[in-house]
Amino acid sequence: MTASPSDPSVDLVTLGQRLRHLRRTRGMTLDQLSDAVGRAPSQLSLIENGKREPKLSVLQAIAGALGVPMQDLLRPEAPSRRAGLEIELAHFQQNPAYQALGLPVVRAGRRLPADALESLIGMHRELNRVLTEQTATPEVARRANAQLRADMRRRDNYFAEIEQAAARVLQSVRHTTGPLSQRGILDIAAQIGFTLHYVNDLPSSTRSVTDLKNRRIYLPQVASGKGHDPRAVVLQTLGHFVLGHNDPADYGDFLRQRVEVNYFAAALLMPEKFAVDFLAEAKADRALAIDDFRDAFGVSYETAAHRFTNLATHHLGIPVHFARVHESGIVYKAYENDNVRFPSDVTGAIEGQPVCRKWASRTVFEADDPYSSFYQFTDTTAGTYWCTVHVEATSSGLFSVTVGTPYEHSRWFRGGDVTGRTVSHCPDPDCCRRPPVQLVDRWSGNAWPSARVHSHLLAALPPGTFPGVDNRDVYDFLERRAL
């Protein structure tokens, strides 16, 4: 089937360039082509400049006069490199963002020197990049997060290539057993060719700064107080170089790199072989427990929970889900490969969504002792799940960290015989979101809450290769340290 000029896939600027190119290669002037097709030269000029869509009959007449099949005029590629640049410039100048600047339109005719055309294209590409960076909304991050989570689910959250990279690093420093020590971390840094420097003036927008010129990694003298394991910060930084990361191409690439270096750090702090041996023995005893996994390797509960999701399905055959939920009920992080149905928005993102009030991630906050081991079965629309939950206090409030699995796998866990059980009908609004009828009758029309607006949800994503990092502060810092 042949495309027509009214086909939305046909670019009028490219069509005009092909027409002009074919006309000139045949040595025809506009007047001569005009006489051949019975159309005014001014009409043909508008077509060649991409400003008028020709009728099919006119296009057939032009093709006949030029002695080419009509599909040659409708092909999507530019007839030459120069024509391709002229087409790109025309498209850039049609962009509303450029037109809003009130600058004149530059005609990319034969009189425009090639170097001038190249310079204009370069500037437009950079302008387009900057504008795209600055206008990226939280939707960009949400879609990227959803896509990344789908990839993690496809892999069962097990990244074999990162496990292998971590194993090679451990072997290079002759680490043969148990958790990784601080001495081992220093040896790894030296093996990769870096020295570690602890400072008290690190830029506030960073967790570490790497001086690639002098092969130095600068770290804070005191932990940030946000739950970051200082060992993990070092290993995450080193992970970028071991895994061969380049500057992130976009926000999705930035998120992917962050997940990969977090995984790499955990694979060093809780090496696969030792971690799997520990978990397999606990499973055999039907005593799997995130608390024990944490204590065996000296890491945070959340790190242990994340690492468990890396290994549980691949090595133990246990599908799992993970969630970090604020005391307000809002999801901050989550992952699943056990078909549990986290709430999501239209982009597929689950971050920022409220979970059901009947789920263990929220009922734990109502427990008599929420800081003790908490277990619960929950009947949901997707099946029955067992969960183990840990609560931690932070400067931003209380958070629950949940690891869950379908009912039939609960037998492998300590607490799998718990009697506590709830029933969730979410997303049915009558489950826990719609107020009881008596409260609606009493208060409907008599309540005017003042909402707490989370301004960061309305703001554009921070611009820059590394979102949120102030390059001026980083370069000033490195200059001070280089003196």
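Tyr 407 counts as partly exposed, at 45% relative accessibility, where partly exposed lies between buried, under 20% relative accessible area, and exposed, over 50% (1.4 Å probe, protein chains only). The model is predicted, so that local features need pLDDT of at least 70 and side-chain atom pairs count only at pLDDT 80 or more, while totals for chains, interfaces and linings use all residues. Residues are numbered from 1 along each chain as its sequence is written, and side-chain values use heavy atoms, with hydrogens and water left out.

The structure holds twelve aromatic pairs, a pair being rings of Phe, Tyr and Trp (its six-membered ring) whose centres lie within 6.5 Å, with planes under 30 degrees apart counted as stacked, over 60 as edge-to-face and the rest as tilted. One of them joins Phe 278 and Phe 293, and this pair is stacked, at 6.0 Å centre to centre and 20° between the planes. The pair links distant parts of the chain, since Phe 278 belongs to helix α14 (residues 272–284) and Phe 293 to helix α15 (residues 290–297), 15 residues apart; helices (H or I, at least four residues) and strands (E, at least two) are DSSP runs, numbered from the N terminus. Phe 278 is partly exposed, with a relative accessible area of 28%, whereas Phe 293 is buried, with a relative accessible area of 0%.

Tyr 407 has its own ring partner in Phe 377: the ring centres are 5.4 Å apart and the planes stand at 45°, so the pair is tilted. Because Phe 377 lies in strand β6 (residues 374–380) and Tyr 407 in the loop between β8 (397–406) and β9 (421–423), the pair ties together parts that are 30 residues apart in sequence. Phe 377 is buried, with a relative accessible area of 5%. Elsewhere, ring pairs link Phe 308, Tyr 375, Trp 386 and Phe 413 into a cluster.

The loop between β8 and β9 also carries His 409, which counts as buried at 16% relative accessibility. Leaving aside residues up to four places away in sequence, His 409 touches Gly 317, Ile 318 and Pro 319, contact meaning heavy atoms within 4.5 Å. Ala 305, found in helix α16 (residues 301–316), is buried at 0% relative accessibility. With the same exclusion of residues up to four places away in sequence, Ala 305 touches Ile 290, Phe 322, Val 401 and Val 403; Ala 305 and Phe 322 are 17 residues apart in sequence and 7.5 Å apart in space, C-alpha to C-alpha.

Two packed helices are described by the angle between their axes and the distance between the axes. Helix α2 (residues 30–37) and helix α3 (residues 41–48) pack at an angle of about 110°, with their axes 9 Å apart, the axes being lines fitted to C-alpha atoms over the stretch in contact and the angles running from 0 to 180 degrees between N-to-C directions. That makes α2 roughly perpendicular to α3, given that angles under 35 degrees count as roughly parallel, over 145 as roughly antiparallel, 65 to 115 as roughly perpendicular and the rest as oblique. On the α2 side the contact is made by Leu 30, Asp 31, Leu 33, Ser 34 and Val 37, and on the α3 side by Pro 41, Leu 44, Ser 45 and Glu 48.

The axes of helix α12 (residues 230–242) and helix α13 (residues 251–269) come within 8 Å and cross at roughly 120°, which means that α12 is oblique to α13.
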